[in-house]
Structures are given as structure tokens and as C-alpha cells.
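The structure is shown first, and the description follows.

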Amino acid sequence: GLTGNKGWTPHWRDPEPRTEYDVVIIGGGGHGLATAYYLAKEHGITNVAVLEKGYLGGGNVGRNTTIVRANYYLPGNSEFYSHSLKLWEGMEQDLNYNAMMSQRGILNLYHNDGQRDAAVRRGNAIINQGDDAELLSRDQVRELAPFLNFDNNRFPIMGGLMQRRAGTARHDAVAWGYARGADMRGVDLIQNCEVTGIDVENGKVVGVQTARGPIRARKVALAAAGRSGQVAAMAGLTLPIESHVLQAFVSEGLKPIVDHVITFAEGHLYISQSDKGGLVFGSYLDFYSSYAARGNLPMVEHTMESFVAMVPAVSKARLLRSWGGIMDMTPDGSPIIDHSPIDGLYLNCGWCYGGFKATPGSGHVYAHLIATDRPHGAATKLKLDRFRSGHGLMDEEGTGAQHN
Ligand code: FAD
């Protein structure tokens, strides 16, 4: 069937790197590509290169479990993810690209009184932010998801917090859509171009060294996700980031059964079903620092145990594949979008488990910061300095299975 696809026009050009750009973005994942797109579209800055060491979309943007939501609790995260979800809702029209955005709703199950109280508090915060949240009873959950294990005495399902505007999107299409949009506006997308050094003169960034030669730049913007610590070290910076592996899994294709994204707070698990029928799921980090994008077996076992406890019927399904991605974890679990201490060098990192849903928002506010040197109104609290001063930390680790 693919023979008919010969001779298609590539979605983007394959330019040779120029010797100089106004802005160089390090990393051709979702955030780097979205930043380039919004720099061109919203700020008219098109003398831009995205430098990607591998191929566009080969990093975490193509490895995640595709969950999109705006159900954070703390100020700082709350307004940022709200901004991002609104951009998701218009993104396909804006890019004229089908990213299979599916607002199928996310249902966070709770299993005890403490989790219910936390769900109520978080639901109120979400509503105050202007987004949607609904507390569902056990019977309402049973109606939506009868396949869940309602007889589990250890992890009883007492109800759930639902956000109906949340859902999933096809992750690589998001990268391709932003890539095409940026390329059409004149941005150079340069693949197989690893950045190996950042040139700083008198406290100001002046360019980068790459596998394809030196490139001068007035501004350099990091968007290297799991490699942020290593890339920042090229400019002599130590970031408050540890890189950890997170695994994901997909089953063989099954008939439609799971209509929503469902998370299971007690065992930490999140599941959804892809349009091809595969159950897509994941749980915790592997919990040791690593740059190897492969997972350990104890976490595979934990994830399968949680899934079978939640949905006993899946014990009969076969696992199709699993993979890992490298997460840039901050101590408070919240991201950084800020100036660095070096003039002209900008930081976008610390996405932890949750940077896919941030893609449009991150690109949008990062482009604003790079273009104007002022933070966007939706991202005033995503500061690097909070880890030095201790002021303004946003510890969202208490939200259990909502991390994804
Ligand atoms: P990436 O796609 O990793 O982009 C960074 C790019 O930088 C890479 O392409 C890399 O090759 C490049 N790079 C690195 N170093 C250099 C260098 N020296 N020179 C040039 N290029 C370089 N988030 C959610 O919101 N929802 C989820 O359901 C979810 N599930 C996840 C499940 C898994 C298994 C994983 C691994 C992640 C998940 N995430 C999720 C997190 C999300 O995928 C990431 O936070 C997000 O994709 C990171 O931003 P990015 O897309 O720009 O990263």
C-alpha cells in the first residue's frame, strides 16, 4: 500500500546550517519546535534554527503516553497548564494539521477519605482557575467504566475527579505539525546536528559548537528535555535537575473498552486506549538517575500488578511493547522557563513526567520570553531562582496518579 506514497513532498526542508542566526534553539522535540513556530508566528522572528541531534520528534515527544489535561492545584502550574489546554483546543486549526486531539476526559480515581478531600480541594482550585472539574460518585464511575475492579477491598473505588476537556493527542503528529508550521515560516530545522558546546564571551552567549560546525547566535534557547543538565553544563551551569527513566507500555489491539483516560491513585497507574485499540499505560519512574532510555524489570512488575488490580480482565491481554524516555526532574516537580544567569541564554526544562501536555503552552510562553525578555503572564512563577531562595516552590508531588 505504501508504494502509492512515493514522490510526496516532504513536510519540511532539509537546509544546511547557516553561520549565524538571531535565535538558535537546542532540541527538536515538542517544546523546541513549538517555540520556533510561535517565535515566527507571534513575534515575526524567523531567522531561527532548531538544532536536533537525532531526528525531529525522536525524543520524549514521541515516547509519552499522550495525556493532555489542565488539572493542577498550585498557582504557577495552574494558570500555565490552563493556558496550554486552551492552545491545544485551537492547535489543529491553527497548524492546519490533524493531531488527533481527543477530549475524551480524564478520570482520577480516589480510594480513601484523604484522597477524596484532596480531589475536592483540587477540583475547586481547577474551577477557580476557569477550567472544568466534576466530582463523581462510585456509581457514576461504575457507569462510565464498568470494567474497573469494584470488588477490590484493598483499593476500594470511592469515586473520581473528572475533567472532561482533558484527553489525548497523537504525540508525533504534534511534533510534525509544529515542525511544518515553523518551516513554512522560514525557520531552519536542522537534524543530525548535536550541540557540543555553548560559546560565552564576557557573560554573554555568542553561539554554539555543533557536529556540523560552529554557529553564531544572538540568543540561544535550551529545549533539550532529559538532556537539559548536560547541555546547560556546556555553558558552565549546574541546573537543579536529575534525569530519570520513565517507562510506558502498550498492549495488543483490543476492541474499544476504555473510553477515557483513567488514573489509579493508590497504585499510581494511568491508562487509555489508542485509536488502534492498544491499551497505553504507565506508572512510576524507575527511581534512579540514568541517561539510558531503557527500563528496569521491578517497575515493569509493579505496573502490571497495578493494572491487573485495577482491571482484572487485562491479565489475559498480551503486552505488545514497552520503552523508556529520560525525564528532567526538578526537586519540586514543576518546570522552569526563565532567563539563565548568562545573558542571551534561556532555559526551558524540568518537565518531569508532564511536559507533553505543556507543549503548546511552553512553546508559546518561551517564544514570548525570548522575543521580549519578559515572562509571559501565564508563566511568571516558573523561575529558576526558586531553588536558590526557597521562595515560590511549587510542590505538586501530592497529586498521586495525576503525574503524567
Ligand atoms: P524531547 O522530545 O525529548 O525533545 C528534546 C530534544 O532535544 C530531543 O529530540 C533530543 O534529541 C534533543 N537534544 C538533546 N541534547 C541535544 C544536543 N546536545 N544537541 C541537539 N539536540 C539535543 N507528558 C504528558 O504531559 N503526558 C503524558 O502522558 C506523558 N507521558 C510520558 C510517558 C513517558 C514514557 C515519557 C518518557 C514521558 C512522558 N511525558 C508525558 C513527558 C513528556 O513526554 C516530556 O516532558 C516532553 O516531551 C519533553 O519535552 P520535548 O517534547 O521538547 O522533549
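## Helix α8

The expected span of a helix is 1.5 Å times one less than its number of residues. The model described here is predicted. Helix α8 covers residues 359-372, 14 residues in all, and should therefore span 20 Å; the distance between its end C-alpha atoms is 20 Å, in agreement with that value.

Is α8 enclosed or open to the outside? Of its 14 residues, 12 are buried, so the helix is largely enclosed by the rest of the structure. Buried here means under 20% relative accessible area. The buried residues are Thr359, Pro360, Gly361, Ser362, Gly363, His364, Val365, Tyr366, Ala367, His368, Leu369 and Ile370. Just after the helix, Asp373 has a positive phi of about 65°.

## Helix α7

Helix α7, residues 297-310, also has its span recorded: with 14 residues, the helix reaches 20 Å from its first C-alpha to its last, close to the 20 Å expected at 1.5 Å a residue.

Its buried residues are Met299, Val300, Thr303, Ser306, Phe307 and Met310. Viewed down the axis of α7, these buried residues fall within an arc of 130°, so they line one face of the helix. On the other side of α7, the residues Leu297, Pro298, Glu301 and Glu305 are exposed.

## The second largest pocket

The second largest pocket holds about 780 Å³ of space. Its lining is made up of 34 residues, and those nearest the pocket centre are Arg170, His171, Ser274, Lys276 and Arg321.

Which element gives the largest share of the lining? Strand β12 does, with four residues. By residue type, the lining of the second largest pocket divides into 17 polar, nine nonpolar and eight charged residues.

## Salt bridges

Side chains of opposite charge can pair when their charged atoms come close. The whole structure contains 21 salt bridges. One of them joins Lys41 and Asp94, whose closest N and O atoms are 3.2 Å apart. This pair links distant parts of the chain, with Lys41 in helix α1 (residues 30-43) and Asp94 in helix α2 (residues 77-95), 53 residues apart. Lys41 counts as partly exposed at 35% relative accessibility, and Asp94 is partly exposed with a relative accessible area of 30%.

Arg170, one of the residues nearest the centre of the second largest pocket, forms a salt bridge with Asp172 in which the closest N and O atoms are 2.9 Å apart. Asp172 is buried, with a relative accessible area of 18%, whereas Arg170 is partly exposed at 36%.

## A buried pair and a network

The side chains of Asp332 and Arg386 form a salt bridge with an N to O distance of 2.8 Å. The two residues lie 54 residues apart and link distant parts of the chain: Asp332 is in the loop between β17 and β18 (336-339), and Arg386 is in helix α9 (residues 386-389). Are these two residues buried or exposed? Asp332 is buried, with a relative accessible area of 3%, and Arg386 counts as buried at 2% relative accessibility.

Elsewhere, salt bridges with shared partners join Arg13, Arg18, Asp183 and Asp188 into one network.

Terms used
Residues numbered from 1 in each chain as written. Predicted model: local features only at pLDDT ≥ 70, side-chain atom pairs only at ≥ 80, totals over all residues. Heavy atoms only, no water. Buried < 20%, exposed > 50% of the residue type's maximum accessible area, 1.4 Å probe, protein only. 1 Å grid on protein atoms, 1.4 Å probe; cavity = no way out; pocket = protein on both sides within 12 Å on 5 of 7 lines; lining within 4 Å. Points joined across faces, edges and corners; volume = space filled by probe spheres on them. Nonpolar A, V, L, I, M, F, W, Y, C, P; charged D, E, K, R; others polar. Salt bridge = Lys/Arg side-chain N within 4 Å of Asp/Glu carboxyl O. Arc of directions from axis to C-beta.
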